[in-house]
Amino acid sequence: MRRLLLTLILLLCFGGIASAQSRGPRMLFDHSSYDFGDVQRRGGDLVKEFRFVNDGDEPLVIKKITKSCSCMTVTYSRKPVMPGDSAVIKIKYEPHKVEPGIFYKAVQIYSNESKQRVRVLTIQGNSIDHDKQYR
């Protein structure tokens, strides 16, 4: 009886065995950066999709996404990503909105991950006008 009572007290004080083993949500990307290489500045928008899976054991929620430039738009699902499910973050870069040359842009993802609350995705390349190359 004493052992049972002690076990119950420990479970109540420390939140139970299940919560101690919980990893929480975990965003796992197959890659977090992309190089477009040389692109025509007026050749149209550049689009890259970054796919991830929730490798954790709780639903993953993206709270907000910030971008380093107004020359980008970011789209993603506002729905929670259940454990084992995947989702996409789509970045569209508009090179005609900035000067030609090398670009390096970042997107910060804020989520409910317990260990790494901010993830960073990057895109880069070299935007050129006509036949000129800028390096």
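Analyst: Two strands are said to pair if DSSP finds at least two bridges between them. Helices (H or I, at least four residues) and strands (E, at least two) are themselves DSSP runs, numbered from the N terminus. Strand β5 (residues 72-76) and β6 are joined in the antiparallel sense over 5 bridges, so they meet the requirement of at least two. The model is a predicted one, in which local features need pLDDT of at least 70 and side-chain atom pairs count only at pLDDT 80 or more, while totals for chains, interfaces and linings use all residues. Residues are numbered from 1 along each chain as its sequence is written, and side-chain values use heavy atoms, with hydrogens and water left out.

User: Which elements does the protein chain contain, and in what order do they run from the N terminus on?

Analyst: The chain has 2 helices and 8 strands. Their order from the N terminus is α-α-β-β-β-β-β-β-β-β.

User: Why does valine 74 count as buried?

Analyst: Buried means under 20% relative accessible area, exposed over 50%, and partly exposed in between (1.4 Å probe, protein chains only). Valine 74 has 18% relative accessibility and therefore counts as buried. Valine 74 belongs to strand β5. Its C-alpha lies 4.7 Å from that of isoleucine 91, a residue 17 positions away in sequence. Contact means heavy atoms within 4.5 Å; leaving aside neighbours within four places in sequence, valine 74 is in contact with Ile65, Lys67, Ile89, Lys90, Ile91 and Val107.

User: Why is strand β8 described as largely enclosed by the rest of the structure?

Analyst: Strand β8 (residues 118-128) is so described because 8 of its 11 residues are buried. For the protein chain, buried residues make up 33% of the 135 residues. Strand β7 (residues 101-111) pairs with β8 in the antiparallel sense over 10 bridges, and a hairpin joins β7 to β8 through 6 residues. In this pairing phenylalanine 103 has glycine 125 of β8 as its bridge partner. Strand β2 (residues 33-40) pairs with β8 in the parallel sense over 6 bridges, with glutamine 40 opposite isoleucine 128.

User: How do you know that cysteine 69 and cysteine 71 form a disulfide, and why is it called right-handed?

Analyst: A disulfide is a pair of cysteine sulfur atoms within 2.5 Å. The S to S distance between cysteine 69 and cysteine 71 is 2.1 Å, and a disulfide joins them. The count by this rule is 1 disulfide. The torsion about the S-S bond is about 135°, so the disulfide is right-handed. Cysteine 69 and cysteine 71 are both buried.

User: What lines the largest cavity, and how do the lining residues divide?

Analyst: On a 1 Å grid over the protein atoms alone, a cavity is a set of points where a 1.4 Å probe fits but cannot get out, and lining residues have an atom within 4 Å of a point. Grid points are joined across faces, edges and corners, and a volume is the space filled by probe spheres set on the points. The structure holds 1 cavity of 30 Å³ or more, and the largest has a volume of about 30 Å³. Its lining consists of Phe52, Ile62, Tyr76, Ser77, Lys79, Val81, Ala87 and Val88. Ala, Val, Leu, Ile, Met, Phe, Trp, Tyr, Cys and Pro count as nonpolar, Asp, Glu, Lys and Arg as charged, and the others, Gly among them, as polar. The lining therefore divides into 6 nonpolar, 1 polar and 1 charged.

Note on methods:
1 Å grid on protein atoms, 1.4 Å probe; cavity = no way out; pocket = protein on both sides within 12 Å on 5 of 7 lines; lining within 4 Å.
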